[in-house]
Amino acid sequence: MAKSQGFSFKQFHINHDRCAMKVGTDGILLGAWADVSQASSCLDLGTGSGLIALMLAQRTLNTQIVGVEIDPDAAQQACENVKNSPWAERVQIVQQDIALFAKKCGQNGQLFDVIVANPPYFPQGVDCISDARNTARYTALLSHLDWLLHAEQCLAPNGTIHFVLPFAQGENLLNLTALFCIRRCDVVTKLGKAPQRILLSFAREKQECEHTELVIYDEHNQYTAEFRQLTQDFYLNF
């Protein structure tokens, strides 16, 4: 439900008018899909409005969560969203470049059990109306492999990294990384179409990859039972 430049969920509200990238299905999918069952600490790289960080907070009891965001306006708004949520004592927002944050993690041994990222998707194209939206939308500054390598610097020995990406870029990343894919979900927007998004989980140790598919809309343009089940703890009308 849209409300005053924001989005209301069952247990929290996100204002995102000062964020370059708004609340969207990709972030909601990742926040609901990432496995946090064994996590005592989580890191959200490129947290934007703080959406995914707050979703992870809702799904856990005592887990400490850090969201890192380079854009000052978005980071400030994420702080406000966290403060107004039920989990303010467990979520910290850091305004910093993820490369610098990752370097410091490697130096001081601050490691995370679960790392999530909904990174910029597109190669550089026509400039957006603001530098902040350019940074949020395009991969010119950091490739998806760069994002994954920075995440790995912050990863606990038995931790996992979870990304949401366009399908082609996700398959390309699978061919570039030395990490092992342990979960993969191909996301189909509408029944009968090709996958448009991909959810990926990575770990350092090899194990059999769980490969599934999720369809968001059925042939009647209604949400599928699988999508409803995945996101029912968040969407108001589910």
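How many of the residues of helix H1 (residues 25–33) are buried? The legends below, which describe a predicted model, begin with this helix.

**View 1. Helix H1 and the ring of Trp-33.** Helix H1, spanning residues 25–33, is mostly covered, with 8 of its 9 residues buried. The buried residues of H1 are Asp-26, Gly-27, Ile-28, Leu-29, Leu-30, Gly-31, Ala-32 and Trp-33. Over the ring of Trp-33 sits the charged end of Arg-183, at 3.9 Å from the ring centre.

**View 2. The aromatic cluster that includes Phe-227.** The structure contains 12 aromatic pairs. Phe-227 and Tyr-235 form a tilted pair, because their ring planes lie at 45°, with the centres 6.0 Å apart. Phe-227 is buried, at a relative accessible area of 0%, and Tyr-235 also counts as buried, at 11%. The rings of Phe-227 and Phe-238 are edge-to-face, since their planes stand at 85°, and their centres are 6.1 Å apart. This pair links distant parts of the chain, 11 residues apart: Phe-227 belongs to helix H8 (residues 225–231) and Phe-238 to the segment after H8. Phe-238 is partly exposed, with a relative accessible area of 22%. Ring pairs join these residues into a cluster whose members include Phe-7, Phe-9, Phe-12, Trp-87, Tyr-217 and Tyr-223.

**View 3. Segments of pLDDT under 50.** The average pLDDT of the protein is 91, and 89% of the residues score at least 70. Over residues 124–128 the pLDDT stays under 50, and the model has 10 contacts beyond four places in sequence for them. Residues 130–139 also have a pLDDT below 50, with 31 contacts in the model beyond near neighbours in sequence. Where pLDDT is low, the predicted coordinates should not be read in detail.

Technical notes. Residues numbered from 1 in each chain as written. Predicted model: local features only at pLDDT ≥ 70, side-chain atom pairs only at ≥ 80, totals over all residues. Heavy atoms only, no water. pLDDT = per-residue confidence, 0-100. Contact = heavy atoms within 4.5 Å. Buried < 20%, exposed > 50% of the residue type's maximum accessible area, 1.4 Å probe, protein only. Helix = DSSP H or I, 4+ residues; strand = E, 2+ residues; numbered from the N terminus. Phe/Tyr/Trp six-rings, centres within 6.5 Å; stacked < 30°, edge-to-face > 60°. Lys NZ or Arg CZ within 6 Å of the ring centre and 35° of its normal.
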